[in-house]
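Me: I have some questions about the terms used for this structure. Please give the value and the cut-off behind each one.

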Amino acid sequence: MTRRKITVAVTGLNNIDSPGPGIPVARALKESTEFDVRIIGLSYETLEPGIYMKEFVDKTYQIPLPSAGTAILKDRIEYIHSIEKIDVIIPNFDAELHNFIKIQEELKSVFGIATALPTQEQFEERHKSSLGEFGEKYGVDVPKSKMIFSNSEIQNLGQEFDYPLVVKGKYYDASVAASPEQAMNYFHKISAKWGLPIIIQQFVSGNEVNITAIGDGKGNCIGAVPMRKLYITDKGKAWAGVSLEDDKLISIAHSVISKSKWKGGCELEFIKSKEGIYYLLEMNPRFPAWVYLAKGCGQNHPESLLKIALDEKTPVQKEYESGKMFIRYSQDLIVSMKDFEKISTTGEF
Amino acid sequence: MKVNRNLAISENGFVFNPTTGDSFSVNELGALIINKIKEGKSEAEILEFITQEYDTEKATIEKDFNEFIKILSNHQLIELYD
């Protein structure tokens, strides 16, 4: 079969110890059976390893930080598009999604660049701080949680929550606190890094299981693969994991994606309690860094995302292989100063 | 009792539970017991088989067998009937 030529821009090239999903997405796309993909990397920093990984990223352009706003982002994309003729953009960072969601219509109508992103409303309602309402709306169990804005609220938490409890940042970071003193400590640590509010969550003991999934925005869950982490780094990232066979979990994922009419890739994080109840801890609004495992199990989610973005018929994939493992590794790239100079001074490599 | 659906056991006694992601290593006798359960043999049939194969007192075999079955059940590798 002749593969169709397509140019896809991806972000998240920070293939470090807390990796972004950009390189796994690019890798899965390079192995697509339907598309012959030219990958355009969009980077924020000059030391993102993906910039120099030429087997996955054909050309990289720096883009402005999310805090710069949408106008400057649009200008930069217009420039990159004038050279590369981008067909699809896949943003892979939580923090940049707000901007891309905001300009997705314009990207399509002005430049003809397709995306497969959730609506602003869908993006907002699955925020950690709104998890309770999300669970109720879509019929999925969630641990009890509460937002707090000041450390003075910690003393009274014992009236509503049992210790240990989980102290979480708005975007990232979570720590289990066994006492009000520990909760206070984590409150300061996490809020200094990620700001307020801080989310206090009921601690549920059990096994953590995650799902990488993709929705077409019309109520269909196009694919879902569950995974259990086998080795976790000090940053809480999976360094090894195994695909699971769990019909109940898959059916919960299909139900959430279907009822919320989610569009694009996502990661659902669950705790399976000893009683066998699945509690949704988080819904991340983009592919996880381990999304290549789905490809290894027989479901190429990034490839499906291209078809959804291009508004093409995308069949629901139910088959996948369980018992497939991923083991992450790190390797030093040798880079010439000339290459580093090029991305540093011209913003292109 | 029955083995959980799709439990994988290799010739070397490496057991993988695809529902939980756990993996275990069992010895030759452990693998034999799991495979007998998989074949649908009853507890009495398996005990009878082991008693004939191994030169050990029946009471000891029964005690060890029950302990092993408990471990398998605790790790959700088999389901026990009431």
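This is a predicted model: local features need pLDDT of at least 70, side-chain atom pairs count only at pLDDT 80 or more; totals for chains, interfaces and linings use all residues.

Me: What makes strand 2 and strand 3 of chain A a pair?

Reply: Strands pair if there are at least two bridges between them. Strand 2 of chain A is joined to strand 3 (residues 59-62) by 4 bridges, and the two run parallel. Therefore they count as paired.

Me: How do you know that strand 1 and strand 2 of chain A pair?

Reply: The threshold is again at least two bridges. Between strand 1 (residues 4-10) and strand 2 of chain A there are 7 bridges, in parallel direction. Here Thr7(A) stands opposite Arg38(A) of strand 2. With helix 1 (residues 22-30) of chain A, strand 1 and strand 2 of chain A make a right-handed β-α-β unit.

Me: Why is strand 2 of chain A called largely enclosed by the rest of the structure?

Reply: Because 7 of its 9 residues (residues 35-43) are buried.

Me: Why is Glu125(A) called buried?

Reply: Buried means under 20% relative accessible area. Glu125(A), in helix 4 (residues 120-125) of chain A, has a value of 16%, so the residue is buried.

Me: What makes the pairing of the Glu125(A) and Lys137(A) side chains a polar contact?

Reply: The N or O atoms must lie within 3.5 Å, with one able to donate a hydrogen and the other to accept it. The distance for these two side chains is 2.9 Å. Leaving aside neighbours within four places in sequence, Glu125(A) is also in contact with residues including Phe134(A), Tyr138(A) and Ser260(A).

Terms used. Residues are numbered from 1 along each chain as its sequence is written. Chains are lettered from A and ligands numbered from 1 in the order in which they are written. Side-chain values use heavy atoms; hydrogens and water are left out. Buried means under 20% relative accessible area, exposed over 50%, partly exposed in between (1.4 Å probe, protein chains only). Contact means heavy atoms within 4.5 Å. A crossover is right-handed if, with the strands pointing away from the viewer, the path from the first strand over the helix to the second runs clockwise.
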